[in-house]
Amino acid sequence: MGIEKDISIYFQPISSNLIEKKDNYLPTQFGSIIDAHVEIGYFPNLAGVDIALIGIKEERGCIQNKGCSPAPDFVRRYFYSLFLGNYKARIADLEKQVSQ
């Protein structure tokens, strides 16, 4: 059992309507290389991942920052469309499960 099986219980799939299919991105955009956790029963292999994006939709206890929980989705929308530089990186995208 790898580390990804141990921690997968703390994450929920990212809503697939927030992320376009990899085919919709150019090969030079981040969206074409990110391994996103978008379905139940699949969890990205984190072995060898250079960067893990972890979105946390949380705003409990926010006094002056109401409405901040959708922030990870806004970051994803723009980050996925950015263009890669002259480097190789393995990136996983996860979403933290939040208790109510």
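Phe30 is buried, its relative accessible area being 7%, where buried denotes a value under 20%, exposed one over 50% and partly exposed the range in between (1.4 Å probe, protein chains only). The model is predicted, so that local features require pLDDT of at least 70 and side-chain atom pairs count only at pLDDT 80 or more, while totals for chains, interfaces and linings use all residues. Residues are numbered from 1 along each chain as its sequence is written, and side-chain values use heavy atoms, with hydrogens and water left out.

The chain contains 2 helices and 4 strands, these elements being DSSP runs numbered from the N terminus (helices: H or I, at least four residues; strands: E, at least two). Their order along the sequence is α-β-β-β-α-β. The C-alpha trace spans about 40 × 35 × 25 Å along its principal axes. Of the 100 residues in the chain, 29% are buried. Contacts (heavy atoms within 4.5 Å) were also classified by sequence separation: among those with a separation of 6 or more, 73% join residues 24 or more positions apart. The mean positions of the 11 positive and 12 negative charges lie 2 Å apart. In this count Lys and Arg are positive and Asp and Glu negative, with His and the chain ends not counted, and each charge is placed at NZ of Lys, CZ of Arg, CG of Asp or CD of Glu.

Aromatic pairs were assigned to rings of Phe, Tyr and Trp (its six-membered ring) with centres within 6.5 Å; planes under 30 degrees apart are stacked, over 60 edge-to-face and the rest tilted. The count by this rule is 3 aromatic pairs. One of them joins Tyr25 and Tyr80, whose ring centres are 6.1 Å apart and whose planes meet at 55°, so the pair is tilted. This pair links distant parts of the chain, as Tyr25 belongs to the loop between β1 and β2 and Tyr80 to the loop between α2 and β4 (91-96), 55 residues apart. Tyr25 is buried at a relative accessible area of 12%, and Tyr80 is buried at 2%. Phe30 and Phe79 form a stacked aromatic pair, with 4.6 Å from centre to centre and 25° between the planes. Here too distant parts of the chain are linked: Phe30 lies in the loop between β1 and β2, and Phe79 in helix α2, 49 residues apart.

Gln29 is located in the loop between β1 (11-12) and β2 (34-36) and is buried, with a relative accessible area of 10%. A polar atom of the Gln29 side chain lies 2.9 Å from the backbone nitrogen of Leu26. Excluding residues up to four places away in sequence, Gln29 touches Tyr80, Ser81, Leu82, Phe83 and Leu84.

His37 occupies the loop between β2 and β3 (51-56) and is buried, with a relative accessible area of 5%. A polar atom of the His37 side chain is placed 3.4 Å from the backbone oxygen of Gln12. With residues up to four places away in sequence again excluded, the residues touched by His37 include Phe11, Pro13, Tyr42, Phe43 and Asp93.

Gly67, in the loop between β3 and α2 (71-79), is partly exposed at 49% relative accessibility. The C-alpha atoms of Gly67 and Ser8 are separated by 26 Å, the two residues being 59 residues apart along the chain.

How values were computed
A polar contact is a pair of N or O atoms within 3.5 Å; within protein, one must be able to donate a hydrogen and the other to accept it, and residues adjacent in sequence count only if both atoms are side-chain atoms.
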